[in-house]
Amino acid sequence: MTIPNRFDHADAAAKILKIWDDAQCAHATVNPDREPFMIVIPPPNVTGALHLGHGLNNTLQDIVIRMKRMQGFETLWMPGTDHAGIATQAVVERRLVEQENKTRHDLGREALVQRIWAWKDQYEKRILNQLKRMGASCDWQRTRFTLDDQCAKAVRVTFFDLFTKQLIYRGKRLVNWDSHLETAVSNDEVNNVKKKGHFWHFYYPVIDPKPGEPNRVEIATTRPETMLGDTAVAVHPNPESALDKVEKELQAKLAEANEKESAEIKTQLEQLAERRKTMLPQLIQLRDMAADGRKLMLPLMNREIPLVADRWAKPELGSGCVKITPAHDPNDYEVGMRADLPMINIMNPNGTINAEGGAYAGMTMKEARKKVVADLDELELLGDVEDREVDLPISDRSKFPIEPYLADQWFVKMDTLAQSAIDLVADEEVKIFPERYRKGYLDWLGEKRDWPVSRQLWWGHQIPIWSVSRLDAATKDELESKVVAIIGQANDMASYRVDESDDGLFGIFVCLRTEDDPLEKDFEELGFQRDPDVLDTWFSSALWPHSTLGWPDASAELEYFYPTATLITSRDIITLWVARMVLMSWNNLGKIPFREVFIHPKILDGLGETMSKSKGNGVDPIDVIDKFGPDALRFGLARIATDTQDVRMPVQYECPACEKLIDQTKKNRSVPTVQCPACKAVFSTQWAESEADKAHPRGAVVSERFETARNFVNKLWNAARFVLMNLEDYQPQSVDVDTLPLEDRWLLSRLSTVTREVTEGIESYKYAECSRILYDFAWDEFCSFYVEIAKPRLNDEKLRGTTQAVMAHGLDQLLRLLHPTMPFVTESIWAFLNDAAASRGVPAPTDPGPFVMKAAWPIANAQHNDEAIEHQFSEFQEVVGAIRKIRASQSIPPRETVPVAIRCSEASLALLQPMTTYFGQLAGADITAIGPDAKPFETDAPLALTSLDIDVHVDLEKFIDVEAELARLQKLQGQLEKQITGKQQKLSNESFVARAPEDVVARERESLDELVRQLQSVGGDLERLESKTKS
RNA sequence: GGGCGAUUAGCUCAGUUGGUUAGAGCGCUACGUUGACAUCGUAGAGGUCACAGAUUCGAAUUCUGUAUCGCCCA
């Protein structure tokens, strides 16, 4: 058998994928003979290709899925993608502008949607291919898309149900308006950035002031243009008590403050006192004027606006008065609601000033701002202009500033829905890991804020509501009776509601349960029009676990697989997605969607920033796979998935010419070409646009963090290669475990422990720990010790057969345990192992099956677990280590064999005697004496293993380097003395001796004794060596 | 402003209920390639566990505060 000494992942992976696919290894069916286990994939957005974060997310899911499949569950991993309304439409629109200089309105709804479908097809294909190449064992025959017919049906039925339950209502609400995309975006899609701005002070004249009253009021704003929509100026209803309250808080803070803070607070208190003196009387006067109904003249618009008393005005800040623009500021909106103020919308959907802005109509916000300030200045109504840092809300989708905007939106009432999702997590029906994320989930739902679900987009599930509005009472009654007549008996398919608006007019809203219902036409003939808006993407994602299984239709799959077992996702969508899946599942099915949720860390780049394509630091999993292989990608990700903290992963460009890795910096990650510092070749990056730049070969962005994992794959491959090379004459045989030599029983015991730890670890999402356990076991125990010991045994005809049996079993078990993390290399080796040892196992050989992917997961054999054996073996390992240390300090060449004498107890002798030959293999040692009577050599290098009561002596006759030996012993002596001093101090501390538990004290005493003995022995050795050099 | 988390070797991270000399990988140093593996082996150097207090016989670990960083919410 010839096996190459490198695992050719590129060649193997494609073949293995095909074999699995042909054998339908990942296909799940309803199978009453097995217990079901299902996970739904968090559907990736079709907006763009997958990055390393997806790589992590899907690797973790696949590890669980693969283990469960091997454990015999009927395992379904449901794949699919998400249409990601705003994000995807925004990308396509941006390209439209860039490439054709067209807007969506130039194209029209149908044509734009068609373009987005084309985009979706392209990226869905790419994404699914990425997942497949990573080895994700999804049931690809069931692949879904949040906008496909089945999901659409689920969305429609759910929406109708909520509408019928009166949980969907229409409201004018202040929304975050993206005036570039011309849609509302949710709070979660808004980022606040700090920007330098100004604080402009204006004066509004008072109309008919009474004697003694001021003739103008000062207000200040960071957004002057909004004054066009002002409908009031507010002053605090009780400025004195408000100031008292502020002062009280400051005093309380002062009492607890440190020196530095207290100075600051004192200054604030002084300012407050000053304000009380100079401004309070005026604020009280203004409050009284407000009570008396005094009005102000809004400049530029020449509109009378009231002076109102409202707690939103802060007497401790600025002039103490605040302008109120209810239609363009969230806080002012609240004031407007409280004081029943008119709400004047001054903005067009595209962000320009509308007719309400009078002379300013048609200007952009920016232009209007400039002009308003200039005009007020002209009128001598402009006061100070301060520099100030302001929070500027930016749309995460378009990167344009957000305008608060009053718009008609559909809302889902969250009250009872949210409560159900709270209860289910609070009662641990749904468990969230790590547990700390529970709080955020519960707090967010606890606010029970209604969910605005309208999106002014074309890409998504169009809202199934037809409406007629602005009807007077009589017309309403007439139309309503017609609606009732049309609906008639079909009230399970159509539903309506009537709303009265502020101005006493009515609107009628009809919701239809199914797509293309013939009733549509009937309503349209009555003048009903379908709402052009689409639903928030999360509405369809919220149904994902059950819509993918066929809901609302009854399906055998739904019956069998639901609820799913676990959801593995990232923390930023706990509220947006996880919470909504819980409440929607409860609403639609009365069931939880999943029993557990695991939140995994995020991957950051070397600078601690999130990876993203727009920064240029994003890593494509495919690039990592091409360079390091899919197993290395997966193992490399799994081993960093702890539950504590996000992971930093420094990234590099790979020079396509010389393969050197070049660290990414803020500078070089945003340039179109980079010159390799090693070979001076120039390569292009994702930013290359000009033909000249693109002509250079592309440099992939990867991370050297995957080298460790790649090396591990190689180590496993080569260990397997060794095993396979020594199985040529393998014959299956049963093994009597009790009569096996120590090293075999040690391996079996370790396998039992590792199997238990890994099984429990994967079940509790401890990926990093499992990876480490497997890495250490495979490398440091199986390879470094078991295989090394097996070498001489395989040359011994008497031992060869059993050795082959145990070794084949060890490799077999290791492959199974590693398979969920490293599916390709393990499947590849599995095929070779099946050729060499078709039947294998301890104690009795069995048929392992054609695929490790479908092989049985190991069960920790408690009978093989033997602590005494493991302890004994570690004695052996320590002796090996001692010999190696002495050799290294003496620079004895590895190929030289050195005589070694081991002084030990009778018990240790019994253990070590049968293993003497292995010291040769592992430490190049020839054991000349072993047992209680073993003596030092004439030219001796000793090392005492006091805790084991073993002295290791190496004969240096042929190699003695006195200086080196003296140095080694002196260093040892120094270390011992330091430790002894520490222990002595500890033990001379009376309260330690008195108060620490007895066993701790006893252990300290014992170890001190041992150290002293060792020091004496080293002292003796030193003396002998010194006298020898003198003689 | 509120909440959550982090700070351990040059880098990236582990570190169970407080108890021998705080670990790993990469990087670094020295030595070593005819048979599984140089994507390797053996050994070594490298740490005031962010800082300041408190609790305790004993603190990387528990508590309080400070600083810095990250995320979420307002």
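The model is predicted: local features need pLDDT of at least 70, side-chain atom pairs count only at pLDDT 80 or more, and totals for chains, interfaces and linings use all residues. Residues are numbered from 1 along each chain as its sequence is written, chains are lettered from A and ligands numbered from 1 in the order in which they are written, and side-chain values use heavy atoms, with hydrogens and water left out.

Next, display the four strands that form an open sheet in the order E10-E11-E9-E12, with mixed pairing. Helices (H or I, at least four residues) and strands (E, at least two) are DSSP runs, numbered from the N terminus, and two strands pair if DSSP finds at least two bridges between them. Strand E10 (295-298) and strand E12 (321-324) stand at the edges with a single partner strand each, so one side of each has no neighbour in the sheet. From one strand to the next, the twist averages 30°.

Select strand E9 (residues 232-235), which pairs with E12 in the antiparallel sense over four bridges. Val 235 is placed opposite Cys 321 in E12. Axes are lines fitted to C-alpha atoms, for helices over the stretch in contact, and angles run from 0 to 180 degrees between N-to-C directions; contact means heavy atoms within 4.5 Å.

Move to Phe 433 and Pro 434, joined by a cis peptide bond with omega of about -15°. Pro 434 is in the loop between strand E15 (431-433) and helix H13 (437-446). Select Lys 448 next: this residue is not a glycine, yet has a positive phi of about 50°. The loop that holds Lys 448 runs between H13 and strand E16 (451-452). A further cis peptide bond leads from Val 842 to Pro 843, with omega near 5°. Pro 843 lies in the loop between helix H27 (823-836) and helix H28 (867-889).

**Helices H21 and H23**

Show helix H21 (residues 630-638) and helix H23 (residues 707-725), whose axes come within 8 Å and cross at roughly 120°. H21 and H23 are therefore oblique to each other (angles under 35 degrees count as roughly parallel, over 145 as roughly antiparallel, 65 to 115 as roughly perpendicular and the rest as oblique). Their crossing is right-handed; a crossing is left-handed if the near helix is turned anticlockwise from the far one by less than a right angle, and right-handed if clockwise.

To see the contact, display Asp 631, Ala 632, Phe 635 and Gly 636 of H21 with Ala 709, Arg 710, Phe 712 and Val 713 of H23. By class, the contact of H21 with H23 comprises five nonpolar, one polar and two charged residues. Ala, Val, Leu, Ile, Met, Phe, Trp, Tyr, Cys and Pro count as nonpolar, Asp, Glu, Lys and Arg as charged, and the others, Gly among them, as polar.

Finally, select helix H25 (residues 767-794) and helix H30 (residues 916-923): the axes come within 9 Å and cross at roughly 115°. The crossing of H25 and H30 is right-handed. Residues in this contact include Phe 785 and Ile 789 of H25, and Tyr 918 and Leu 922 of H30.

H30 also lies across E32 and E33, running at about 145° to E33. The open sheet here has four strands in the order E33-E32-E35-E34, with mixed pairing. Strand E33 (925-931) and strand E34 (940-945) are at its edges, each with a single partner strand, so one side of each is without a neighbour in the sheet. Within the sheet, strand E32 (residues 898-903) and strand E35 (residues 950-955) pair in the antiparallel sense over four bridges, and Arg 903 stands opposite Asp 951 in E35.
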